[in-house]
Amino acid sequence: MDMKRLPIYIIGLTLFCAFGCKRTQHSNIDDAIIFDTIIKEDNSLLSGDFEDEDSLFKFIEDSIFQYIRNNRISVPENAIKRYTQIDSLLHLIFDCNENEDYYQFNHGFEISQKQIGFLNNYLFQRISEMSNNEFSILLHEEKIVTDSLISAQHKFIKTHIEDAGYSGSLSFIQYNNTSYAVYIDRNKSLKDLYFSLVDNHYRPRASYIKLSNTLIEKEYSHILNELIPRELLMEEKTLDHYDEKADFQAAKGLKQAWNDFIAKRDEIANMLSDKQKAIWENGTSRFQRSHLILLKNEFKNMGVCSNEEAELILSDSCSYEELFTYPNFTTKWNEHIKQFE
């Protein structure tokens, strides 16, 4: 089967199943049921009954190491192997109902984000332990601007897609996918930095090209000057909920959030040694690539769309040549429908 022909919501479902709905595989040791007991007695992992994010992450880490102790699992001395072990055990503290209705499906995304959030926090803590206070503060500020970028993306989705009637009943997928994609890129960046700090021979698996900011500026210009105001999606629909001014401000806010994010990443890079700086900048280049794809696709790759639209979307796995030559989704769509006129 040609995967490109599948609707984008299948991608969301795959993420859900891969990261949010792994069933606990219990051993014969009674202590292995500790996590199910926690979930059944207090569903706080999903209901958000923690005072703050740090309390949630501490609960998760304590639960993982309690499982390790109760089952007499040896903890690797090697820091990279220890991280891999924690990652592999993480799903054990989450319990996901196999009956996937809308509520459960939505919670699958929530679970996956809490998992990647925990891993990112774990990496942040380990890097901070190896760094001076000034660098730790900068790294914490980088998390803040990362969250601000995600919030700006969500605001733009609201004004530009949802309020304009361009999303359906599964619109929440767009919000979750944009968050998750950024957290994943951050995870890879933090992981590469941490691994390079504990292993002098470590090198990232993938290399990314540093992109000129003019490429991204061009896409923001396209959004601000050509995609706003929005047009009716279908004749029978209205734009009663669409606010052109709010949409324009949301797009400008997203652009500013992106620039603030890159500025903070550059500030951190300037504090690193040559090797770690190159690794950190490689992570920044990965963010640039992901963001450029997002803008050129006009967020279409983050939501539900038809097979016909999916065929025209720029793939996350595209080559740089494809990335640079792809105009934008609107241009590709207009070229596509012309052949039927």
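Residues are numbered from 1 along each chain as its sequence is written, and side-chain values use heavy atoms, with hydrogens and water left out. Because the model is predicted, local features need pLDDT of at least 70 and side-chain atom pairs count only at pLDDT 80 or more, whereas totals for chains, interfaces and linings use all residues. Helices (DSSP runs of H or I, at least four residues) are numbered from the N terminus. Residues are called buried under 20% relative accessible area, exposed over 50%, and partly exposed in between (1.4 Å probe, protein chains only).

The structure holds 12 salt bridges, a salt bridge being a side-chain nitrogen of Lys or Arg within 4 Å of a carboxyl oxygen of Asp or Glu. In general, side chains of opposite charge can pair when their charged atoms come close. One of the salt bridges joins Arg126 to Glu129, with 2.9 Å between the closest N and O atoms. Arg126 and Glu129 are separated by about one helical turn, because they stand 3 residues apart in helix H6 (residues 102-129). Arg126 is buried, at 16% relative accessible area, while Glu129 is exposed, at 57%.

A salt bridge also forms between the side chains of Glu142 and Arg265, at 3.2 Å from N to O. This pair links distant parts of the chain, with Glu142 in helix H7 and Arg265 in helix H10 (residues 244-269), 123 residues apart. Glu142 and Arg265 are both buried. Glu217 and Lys255 form a further salt bridge, in which the closest N and O atoms are 2.9 Å apart. Since Glu217 belongs to helix H9 (residues 213-227) and Lys255 to helix H10, the pair ties together parts that are 38 residues apart in sequence. Glu217 is partly exposed, with 28% relative accessibility, and Lys255 is partly exposed as well, with a relative accessible area of 23%.

Two packed helices are described by the angle between their axes and the distance between the axes. For helix H5 (residues 79-89) and helix H8 (residues 172-198), the axes come within 9 Å and cross at roughly 145 degrees; axes are lines fitted to C-alpha atoms, for helices over the stretch in contact, and angles run from 0 to 180 degrees between N-to-C directions. Ala79, Ile80 and Tyr83 of H5 make the contact with Asn187, Lys191, Tyr194, Phe195 and Val198 of H8, where contact means heavy atoms within 4.5 Å. By residue class, the contact of H5 with H8 comprises 6 nonpolar, 1 polar and 1 charged. In this scheme, Ala, Val, Leu, Ile, Met, Phe, Trp, Tyr, Cys and Pro count as nonpolar, Asp, Glu, Lys and Arg as charged, and the others, Gly among them, as polar.

Helix H11 (residues 274-296) has 23 residues and spans 32 Å from its first C-alpha to its last, close to the expected 33 Å; the expected span is 1.5 Å times one less than the number of residues. H11 is mostly covered, as 17 of its 23 residues are buried. Glu298, which follows H11, has a positive phi near 55 degrees. Phe299 is placed in the loop between H11 and H12. A positive phi, near 70 degrees, is found for Phe299, a residue other than glycine. Phe299 counts as buried, at 1% relative accessibility.

Gln153 lies in helix H7 (residues 133-162) and is buried, at 2% relative accessibility.

Other backbone features occur in loops. Arg72, in the loop between helix H4 (53-70) and H5, has a positive phi of about 50 degrees although it is not a glycine. Arg72 is exposed, with 75% relative accessible area. The peptide bond from Ile228 to Pro229 is cis, with omega near 5 degrees, and Pro229 lies in the loop between H9 and H10.

Glu311 is located in the loop between helix H12 (307-310) and helix H13 (320-325). Its relative accessibility of 36% makes Glu311 partly exposed. From Glu311 to Trp333 the C-alpha to C-alpha distance is 9.9 Å, at 22 residues apart in sequence.

Notes. Helix = DSSP H or I, 4+ residues; strand = E, 2+ residues; numbered from the N terminus.
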